[in-house]
Amino acid sequence: MTSSNKRLEVQTEDQTPHKWCVSLGEEPFKRFFSQTNPTVHKVFGDGSLFSPLLFGKFFDPSDAFPLWEFESDVLLSHLRSSGQSTVDWCQTAEGYILKAEIPGTGKNNIQVVVDKGKVVEISGPWKQQRDSKAHDWRCGHWWEHGYVRRLEMPEDADWKNIEAYIHNDIYLEIRIPKSKQGRDLPQGKDVA
């Protein structure tokens, strides 16, 4: 069995207006998720990077989450104990690494965008749009058409050199190097 690695282009500018302007609330999500559509359950189900319940309680994936402030073993312990997690992240001396299984539908259309150097955004459609001239799926009730996870960048991230890969058409890996200054300086804030 051979493995295939495909490097993804990380976009640093996305001028889409009104993107993610509709928040996903807990009640609308429960109604949406109660559908018997197996794709919806794969994309937003337990353990998925795109599940609003990934971190043990409801959190809109279109809101930026400070992922790097938490240890994956602690934050995902409720999923790891049942073997349901398809996500992992860690910090090394060189940078930050996020690994996640990507839902089957739309893996070829996954986008990684750095928003103003402060947020890394992973998104893609899980449902084909019938009309190519239709409005952008990311505006409005985006969860009916695609998925997103927005993550705050660590303060010492070298966001201009982020790399993203798809391994075997299933696993996404994002590597965020630390800035040279971030590697050389001790952690913590200066006190005046």
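What you see is a predicted model, in which local features need pLDDT of at least 70 and side-chain atom pairs count only at pLDDT 80 or more, while totals for chains, interfaces and linings use all residues. Residues are numbered from 1 along each chain as its sequence is written, and side-chain values use heavy atoms, with hydrogens and water left out.

Let's begin with confidence. pLDDT is the predictor's confidence in each residue, from 0 to 100. The protein chain has a mean pLDDT of 83, and 82% of its residues reach 70 or more. Please be careful with residues 185-192, where pLDDT stays under 50. For that stretch the model has 3 contacts (heavy atoms within 4.5 Å) beyond four places in sequence.

Now to the strands, which are DSSP runs of E with at least two residues, numbered from the N terminus. Two of them pair if DSSP finds at least two bridges between them. Strand β3, residues 87-91, pairs with β4 in the antiparallel sense over 5 bridges, and a hairpin through 3 residues joins the two. Within this pairing, Q91 has Y96 as its bridge partner in β4. Y96 also has a bridge partner in β9, namely I176. Strand β9, residues 171-177, runs antiparallel to β4, with 7 bridges joining them.

How well covered is β4? Of its 7 residues, 95-101, 5 are buried, meaning under 20% relative accessible area with a 1.4 Å probe, protein chains only; over 50% is exposed, and in between is partly exposed.

That brings us to L98, one of the residues with the most contacts inside the largest nonpolar core, which has 45 residues. Such a core is a set of buried Ala, Val, Leu, Ile, Met, Phe, Trp, Tyr and Cys residues joined through side-chain atoms within 4.5 Å. Beyond four places in sequence, L98 touches residues including W68, W89, I122 and I174.

There is also an open sheet of 4 strands, ordered β2-β5-β6-β7, with mixed pairing. β2 (10-11) and β7 (146-152) stand at the edges with a single partner strand each, so one side of each has no neighbour in the sheet. β6, residues 119-125, runs antiparallel to β7 with 7 bridges, and E121 stands opposite R150 in β7.

Finally, how many disulfides are there? Counting pairs of cysteine sulfur atoms within 2.5 Å, the total is 0. The closest cysteine sulfur to that of C21 is in C139, 5.9 Å away, which is too far for a bond. C21 is partly exposed at 48% relative accessibility, and C90 is partly exposed at 36%.
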